[in-house]
Amino acid sequence: MQPDLPETYYLDNVLTLFAHVRRVYADILDPEPLQFLAQFAALGADASKLCIRLLNRSHDCYRISKLGYNEIVSLQTAISELAQSGFIELNAEIDRSALLSLYTLAELRALMSDYPPLNAFGKLRRSELESALIESAGDEFFERLQQQDDLLQLQHRDEYLLCQMLFFGNLNQSMTDFVLNDLGLNQFESYPVDPEHRPYRSSIEIRQHWLLYQLQALFELADNCDRRQLHDLSQMIPDDIDPQAPGFRKSEQLRYEIARQLERLGDLKTASRHYRRCLLPPSRERRARIHEQRGKVHKALELCYQIIEQPVDEQELQFACQFALRLCRRHDLIPLESVTQLHISHRPQIVDLELDYHESVELAVARYYNAADASGHCHYIENSLFNGVLGLLIWEVIFAPLPGAFYNPFQYRPSDFYAHDFCTRRSRLLAEIWVGIDSNDDIWRIIEPRWRLKQGLMNPLVNWQALDLDLIRLALERIDHAHWRAIFERILQDLRNNRAGFPDLVYFPATGGYCLVEVKGPGDSLQKNQQRWMQFFQAHGIAHRLDRVSWRNR
């Protein structure tokens, strides 16, 4: 059973976060966040607790009578200190919608009873009632509502969120990551995070990334049918973000979302122009599709050929080949020979099985082979075997302390793990590993002690629950070394896409050798990443097949 967290765990974690931000970024922070950190450090114990309690909630306005935290000795003292220090504002005027949200439906109806003209609204639903009161209730009603309780309005949320962005590298994570670590549910590798290795290298990069989150919020609040607003938002995205800066992928994502919305609105010409400003997939795919919709078939084909010549990843390459062939068939054009050669046309060996119904079609097939071949072994491994062995093998490469790779101590992978230049940045480290590996015995020599040493630590390629050393040892005995190396190289070519799509089972017959078996139940078909892997297996002589299952009874 996991131990209980201390009563002030939330404050302890925020103090750790603030200390990290000061230690790593103090020399490049703007005055406002530095002042926020200094003022917070000067607060007393109760004021600090209340401040973080409120900052960790989702709203900025609160009724004081509704606040109560057992660990805060004097709530009133804490409130007074926060007001004096500028962390909250007492009884400030707030907009009517926010004011209404602070009261229950019963409380609003009780106050409405003193205003006969409002009695007609008494049976409305909450949202309808609030709209009616904002439209019809007079100043006197809202003044009385404001006077029903003392209110506080929280300040400095932006500075708090900025510190979280600096710590996590995004605003999608939260203080929950600390809790999982405190409970021992997640265990992380150790690596240095200091000014020498920090992801944000200047105050400009910090401001740019923060601006992008503000623009994302505006995009989500904006009228997404207003093309003018979408265009204006796009123009606010900085053009000079370094591809190595933390905000680069965020800028690409936001540009793509704006362009995609313009495409949905039917403004294809403008959407295509915005996609052109995106460097990452699938922006070129969208442009090719728009060219076809606008009747510009040759432009669409030309773009497909450009992708084939210089693809960002295999997923983009697969699209370009399939789309180019489709265009040529539709418009009676002759495709380039390279398109025909690259097009996925491999059809794996297919075995049809009729089995008794089981909730898991993969486990049903594994049990079938284990029963039919008493001395053989069939394991349900899906993506875990090859990824796991690779993750153990290159463990030190994954967690190498390159500048910008890690924001905080709670990362199970480096921030650039899925970037196209992940391996390029670590080419020397990878070369040092490969130069010492000539056989599967060499692989085992490295990973067997590492398995024991790193057991339970999070790694983006290692699923501890799905693997054991006996299975790995058997796989290394049966699967050719050249096949391991080829599969490792393909995974590393595109970590985002090639970590998935492996066959469900690995079967080691009693007679020797092995076979990778993809299992499909009734109505299922191969996904694109599975097709790409099978094409690769065919090209490298890696044993594989597809088992199609139908049920005898269900």
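In which sense do β5 and strand β6 pair, and over how many bridges? In this predicted model, the two strands run antiparallel to each other, and four bridges join them. Strand β6 covers residues 505-508.

The pairing belongs to a wider arrangement. Five strands form an open sheet in the order β4-β8-β7-β6-β5, and the pairing within this sheet is mixed. Its edges are β4, residues 350-355, and β5, residues 377-380, each of which pairs on one side only. On average, neighbouring strands of the sheet are turned by 30° against each other, with direction ignored. In general, the strands of a sheet pair through backbone hydrogen bonds, in either a parallel or an antiparallel manner.

A helix also packs on this sheet. Helix α25, formed by residues 469-478, touches β5 and β6. The direction of α25 makes about 65° with that of β6.

Next comes a contact between two helices. Helix α20 spans residues 384-393, and helix α26 spans residues 481-493. They pack at an angle of about 85°, and their axes are 10 Å apart. Angles of 65 to 115 degrees count as roughly perpendicular, so α20 and α26 are roughly perpendicular to each other.

Which residues meet where α20 and α26 pack? From α20 come L385, F386, N387, V389, L390 and L393. On the α26 side, they meet W484, I487, F488, I491 and L492. Sorted by class, the contact of α20 with α26 has ten nonpolar residues and one polar residue, with no charged residues.

Definitions and conventions. Residues are numbered from 1 along each chain as its sequence is written. This is a predicted model: local features need pLDDT of at least 70, side-chain atom pairs count only at pLDDT 80 or more; totals for chains, interfaces and linings use all residues. Side-chain values use heavy atoms; hydrogens and water are left out. Two strands pair if DSSP finds at least two bridges between them. Axes are lines fitted to C-alpha atoms, for helices over the stretch in contact, and angles run from 0 to 180 degrees between N-to-C directions. Contact means heavy atoms within 4.5 Å. Angles under 35 degrees count as roughly parallel, over 145 as roughly antiparallel, 65 to 115 as roughly perpendicular and the rest as oblique. Ala, Val, Leu, Ile, Met, Phe, Trp, Tyr, Cys and Pro count as nonpolar, Asp, Glu, Lys and Arg as charged, and the others, Gly among them, as polar.
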